[in-house]
Amino acid sequence: MNTNVSEKDLSSIMVIFGGTGDLTHRKLMPAFYNLVHDNLLPKHFAIVCVGRREKSSEEYRREVLDSLKRFSRNKIEDQKWKRLEQVVFYENFDFTGLEGYHRLKKRLNELDDIFGTKGNRAYYLAVAPEYFETIVQRLDESGLARSVGSWNRLVIEKPFGKDLATARSLNESLLKVYREDEIFRIDHYLGKDMIQNIMVLRFSNFMFEQLWNSKYIDNIQISLLEKEGVGSRGGYYENSGAIRDMLQSHILQILSLVAMEPPVDLTTDAIRNEKLKVIRAIEEFTPEFLRKNVVLGQYGAGYIDGRPVPAYRDEERVAKDSMTETFVALKLHINNFRWAGTPFYIRTGKSLAKSSAEIVIQMKSLPNILYFRERYTQIPNLLVIRIQPNVGVSLRFNTKDFKSHNNIVQQNMDFSHENSSQGNTPEAYERLILDVLRGDSTLFSRWDEVEASWKIADRIIEYRERNSFDFPNYNAGTTGPVKAFELLARDGREWWSL
Ligand SMILES: NC(=O)c1ccc[n+]([C@@H]2O[C@H](COP(=O)([O-])OP(=O)(O)OC[C@H]3O[C@@H](n4cnc5c(N)ncnc54)[C@H](OP(=O)(O)O)[C@@H]3O)[C@@H](O)[C@H]2O)c1
C-alpha cells in the first residue's frame, strides 16, 4: 500500500449525499465513530450529510447516535461521541436541482472557517447509481467540484454501471468534471483486512511465494457465500443478479490479488497494473466454454436455521417469473506462465446454508506411493484464507495419528484474527474513508480494471440472457445447485468446506 501519504494534510470536509440512507447509518457513521475511537479522525475535519427529509442537525445527530449503538464495533463512549457529534451537520435539499448546491457551498465555506478545513473536499455519493451523473453535474455547475483548497475528490459506491456500455458512459461523464486520480470507486471488499493480507502473505513469506504457481498448486477456489436472501433489496437485485453484484466486482478483484505477479514496488499504480494484467489474461469465454464451465442458480423456498425462507420469486419486488441468478459458479483459467494449467473455481450465491468468504489454495498431490500406495487415501494440503467470518489463515497438512499409532490424520495450523492480540478488526469503511482523505487509491478500483472486469462479466450476462435455465434449481438453506458440484467432480475435484 502507498506508505508515503501518511504525512499528508487530511484537513477537509466530507459531504455525504444520501445522509439519511442505509449505507450512511449502517456503515459510514459507525466507521467515523470508530476512527474517533482509535484517534484516527483528522483534527480539522467536518462531515456534512445531505438528505431530502426535513430535519435539523440536532435531530440528525440523535438518529446517528441510535445507529451507532446498533452498528458500531466499539461501544459508544460519551466523550468520543461528543467529538464526533460536534463535526456532523445535516443539510436537506433535493440533489437533482441546483438551488441546494448554492446553499451547500455557502455552508461549506462557513465550516472551513470554523474547523480550519482549508477548502479540501470529498464528496461521497451514498445514493442510487442513477443519480451519480446528476450530482456530479450539479457539483460542477455550482462550482463545488472545483477545488478551493488543495484537493477535491469524488467517492462512488458500486455498482459502477450495469454493463460495459453503461459503465463507459458513466465514466465519460465523471471524467468531464473529475480526473481519474480524483475518483475513488469503492469496492468495500478491498477494504477488508484479509484481502489486504493476501499480498502480505504471498510477498512476505518465502514458503508461500515459491510455491505460488501451477507447478505446485492444483487449483484455487474462491467462495463468497451468503446465508441472507435478497430481503428488502429485491428491486435492486432484479436488475443486478450475482454476476453483476458479486462477480464483476468483488470476485474479480480478489482473483487478481491472488493471481497477480509481484509489483515492482508498493505504489498504487504498480499494484493496480499487476492486478489488471491478471484480468486481461483470463482465457476467452467462448459460447462453448460458457456452456461447459458456468453454472447459474436461483433459490427456491427452504429453511435457514430452522426458519422458513421464501423462494427468490416470492421476495418483495421480484417478478414471479424472474430469471435473475442468485448463484453463479464458474471455472476459468488464467493464460500466463504462472497459472497455465491451474483452474480457478469461483462461486457466489445467496440464501445458502452459511455465510462465508474464503479462498482455498489446494496444493498438488504426492505420487501414490509409500503411505498412499494402499493403506491411506491421500488428502491434499490446503492453505485457506478466511475473509469472513472468523478472519484468519489455516494450513492443513498430514501427520501421524498419535492415538491409533497406525494412521495418518489431517491437522490445521490455524491463525485466527479474533484470537490475536490486535484487537477487534477494523471495518472496511474505516480504512477506505481514511484512504480517501489521504489520497491513496490503492484499495479502490481504477477505471481500466473496472472496464476489463465488465468485459468478462458481460460475456456471462449475455450467455444468461441467450439461454433458458430451469430456475429455481436449489433450495434456500442448501449448498447451492447440484451442477456446481458436478462442475468440479468432472475434473476429479471437490469444493472444500461448506
Ligand atoms: N446499504 C448498503 O449496505 C450498501 C452497501 C454497498 C453499496 N451500497 C450502495 O450505496 C448506495 C446507497 O444505498 P443505500 O442502501 O444507502 O440507499 P437508501 O437507503 O435508499 O438511501 C438513499 C439516500 O438517497 C437520498 N435521496 C434519494 N433521492 C434524493 C434526492 N432527490 N435528493 C436528495 N436526497 C435523495 C435519500 O434521502 P431521503 O431518504 O431523505 O429521501 C437517502 O438518504 C447504492 O448505490 C447502493 O447500491 C449500499
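This is a predicted model: local features need pLDDT of at least 70, side-chain atom pairs count only at pLDDT 80 or more; totals for chains, interfaces and linings use all residues.
Local features were taken at pLDDT of at least 70 and side-chain atom pairs only at pLDDT 80 or more, whereas totals for chains, interfaces and linings use all residues. Residues are numbered from 1 along each chain as its sequence is written.

The ligand is surrounded by 19 residues, where a residue is taken as near a molecule or strand if its C-beta atom, placed from the backbone, lies within 6 Å of it. The closest of these residues are Gly 18, Gly 21, Leu 23, Gly 51 and Arg 52. Helix 1 (residues 22-37) contributes four residues, the largest share of the shell; helices (H or I, at least four residues) and strands (E, at least two) are DSSP runs, numbered from the N terminus. By class, the shell holds six nonpolar, six polar and seven charged residues, with Ala, Val, Leu, Ile, Met, Phe, Trp, Tyr, Cys and Pro counted as nonpolar, Asp, Glu, Lys and Arg as charged, and the others, Gly among them, as polar.

An open sheet of mixed pairing is formed by eight strands in the order 8-12-13-7-14-15-16-17, two strands being paired if DSSP finds at least two bridges between them. Strand 8 (294-297) and strand 17 (408-416) are the edge strands, each of which pairs on one side only. Strand 15 (residues 382-388) and strand 16 (residues 392-400) are paired in the antiparallel sense over five bridges, and Leu 382 has Arg 396 in strand 16 as its bridge partner.

The loop between strand 15 and strand 16 contains Asn 390, a residue other than glycine whose phi is positive, near 50°. Asn 390 has 14 other C-beta atoms within 10 Å and is therefore partly exposed, given that a residue is buried if 20 or more other C-beta atoms lie within 10 Å of its own, exposed if 12 or fewer, and partly exposed in between, with C-beta atoms placed from the backbone. A positive phi, of about 55°, is also found at Arg 317, which is not a glycine and is placed in the loop between strand 11 (307-309) and strand 12 (327-332). Arg 317 counts as exposed because it has 12 C-beta neighbours inside 10 Å.

Cis peptide bonds were also assigned. One joins Lys 158 and Pro 159, with omega of about 10°, and Pro 159 is placed in the loop between strand 5 (152-157) and helix 6 (164-177). Another joins Phe 471 and Pro 472, with omega of about -5°, and Pro 472 lies in the loop between helix 14 (447-466) and strand 19 (474-475).
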